[in-house]
Amino acid sequence: MHSVPAEDAREFAAELAESLRTTTSIAPHLQLITEWRHTAAVHADPELAARLARDLDQTG
């Protein structure tokens, strides 16, 4: 999470806290963490982040 902007890190923490409050099953927690790890990987690679942002700008 070092490469994730502070606002996104707070969102992750809030989502994880909500997940932990609402279910005792581990699968949803692991899925959430996996998704955020992918988000962090994009933030860690400026070229990938720029490419994805450009694709979003072009497609709306």
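Me: What counts as a helix or a strand here?
Reply: Both are DSSP runs: a helix has at least four residues, a strand at least two. This is a predicted model. Its protein chain holds three helices and zero strands.

Me: In what order do the elements run from the N terminus on?
Reply: They run α-α-α. The radius of gyration of the chain is 14 Å, well over the 10 Å that the globule rule gives for 60 residues, so the chain is more spread out than a compact globule.

Me: What does the C-alpha trace span along its principal axes?
Reply: The spans are about 40 × 25 × 15 Å.

Me: How do I read burial for the chain?
Reply: A residue is buried under 20% relative accessible area. Buried residues make up 15% of the 60 residues in this chain. The chain exposes about 4600 Å², and carbon and sulfur atoms supply 58% of that area.

Me: How far apart are the mean positions of the positive and negative charges?
Reply: They are 4 Å apart, for 5 positive and 10 negative charges.

Me: Now one residue. Where does aspartate 8 lie?
Reply: Helix H1, residues 6-22, contains aspartate 8.

Me: Is aspartate 8 buried or exposed?
Reply: Aspartate 8 is buried, yet has no salt bridge. A salt bridge needs a side-chain nitrogen of Lys or Arg within 4 Å of a carboxyl oxygen. For aspartate 8, the nearest side chain of opposite charge is arginine 10, 8.3 Å away.

Me: Which residues is aspartate 8 in contact with, leaving aside its neighbours within four places in sequence?
Reply: Trp36 and His43.

Note on methods
Residues are numbered from 1 along each chain as its sequence is written. This is a predicted model: local features need pLDDT of at least 70, side-chain atom pairs count only at pLDDT 80 or more; totals for chains, interfaces and linings use all residues. Side-chain values use heavy atoms; hydrogens and water are left out. Buried means under 20% relative accessible area, exposed over 50%, partly exposed in between (1.4 Å probe, protein chains only). Lys and Arg count as positive and Asp and Glu as negative; His and the chain ends are not counted. Contact means heavy atoms within 4.5 Å. The radius of gyration is taken over C-alpha atoms; the globule rule is 2.2 Å times the number of residues to the power 0.38. Accessible areas come from the Shrake-Rupley method with a 1.4 Å probe; for residues, only the protein chains shown count as cover. The place of a charge is taken as NZ of Lys, CZ of Arg, CG of Asp or CD of Glu.
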